[in-house]
Amino acid sequence: MKIQGHLFLWLSAFILIMAGVYGVWSKEPVGTTALFLAFGLSVMIGFYLAFTANRVDAMAQDNKEADVADEAGELGFFSPHSWQPLALAVGGAFAFMGVVFGWWLMYFSAPLLLIGLFGWVFEYYRGENRTQ
């Protein structure tokens, strides 16, 4: 985990240098501001990863002699058959179309978003998948 923190901190130094160069050459405030904001985000992520690396045990990527199989194992549980992301996607699409075509479309998107969100959160608390 240390290497990720160092990578993001080096990336933030690069972005800071490029923001300065871009700001001087282009004299364009929007792109310069965006680069400085990207610098800030990169510093936050890099600091978090470097700070967290001191609190956790050394991982396989920190060992130069490690094999790929050293980090193998279970990554987590992923739902193999959920329809809820589809309901969220359709509701989100209607919500964004509501911004374009009219806010009245939110009346149709809000129930779809709520059904998809609650269905996804409580998917394994009821029905046939309750015991998983």
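Predicted model: local features only at pLDDT ≥ 70, side-chain atom pairs only at ≥ 80, totals over all residues.
## Helix α4

Helix α4 comprises the 16 residues 106-121, which at 1.5 Å a residue should span 22 Å, and the distance of 22 Å between its end C-alpha atoms agrees with that expectation. Within α4, the residues S109, G116 and G119 are buried. Seen down the helix axis, the buried residues of α4 fall within an arc of 110 degrees, so they line one face of the helix. These buried residues pack against α3, which covers residues 84-101.

## Annotated transmembrane regions

An unreviewed UniProt entry lists residues 7-25, 31-51 and 110-127 under "transmembrane region". In the model, the span 31-51 is 100% helix and 0% strand, with its end C-alpha atoms 30 Å apart. The span 110-127 is 67% helix and 0% strand, and its end C-alpha atoms lie 24 Å apart.

## Aromatic pairs

The structure holds 4 aromatic pairs. One of them joins W104 and F108 in an edge-to-face arrangement, with 6.2 Å from centre to centre and 90 degrees between the planes. F122 and Y125 also form an edge-to-face pair, in which the centres are 5.9 Å apart and the planes stand at 65 degrees to each other.

Ring pairs link F118, F122 and Y125 into a cluster. Within that cluster, F122 is partly exposed, because its relative accessible area of 40% falls between the limits of 20% and 50%, whereas Y125 counts as exposed because its relative accessible area of 61% is over 50%.

Note on methods
Residues numbered from 1 in each chain as written. Heavy atoms only, no water. Helix = DSSP H or I, 4+ residues; strand = E, 2+ residues; numbered from the N terminus. Expected span 1.5 Å × (residues − 1). Buried < 20%, exposed > 50% of the residue type's maximum accessible area, 1.4 Å probe, protein only. Arc of directions from axis to C-beta. Contact = heavy atoms within 4.5 Å. UniProt positions renumbered as here; feature names shortened; annotations may be inferred. Phe/Tyr/Trp six-rings, centres within 6.5 Å; stacked < 30°, edge-to-face > 60°.
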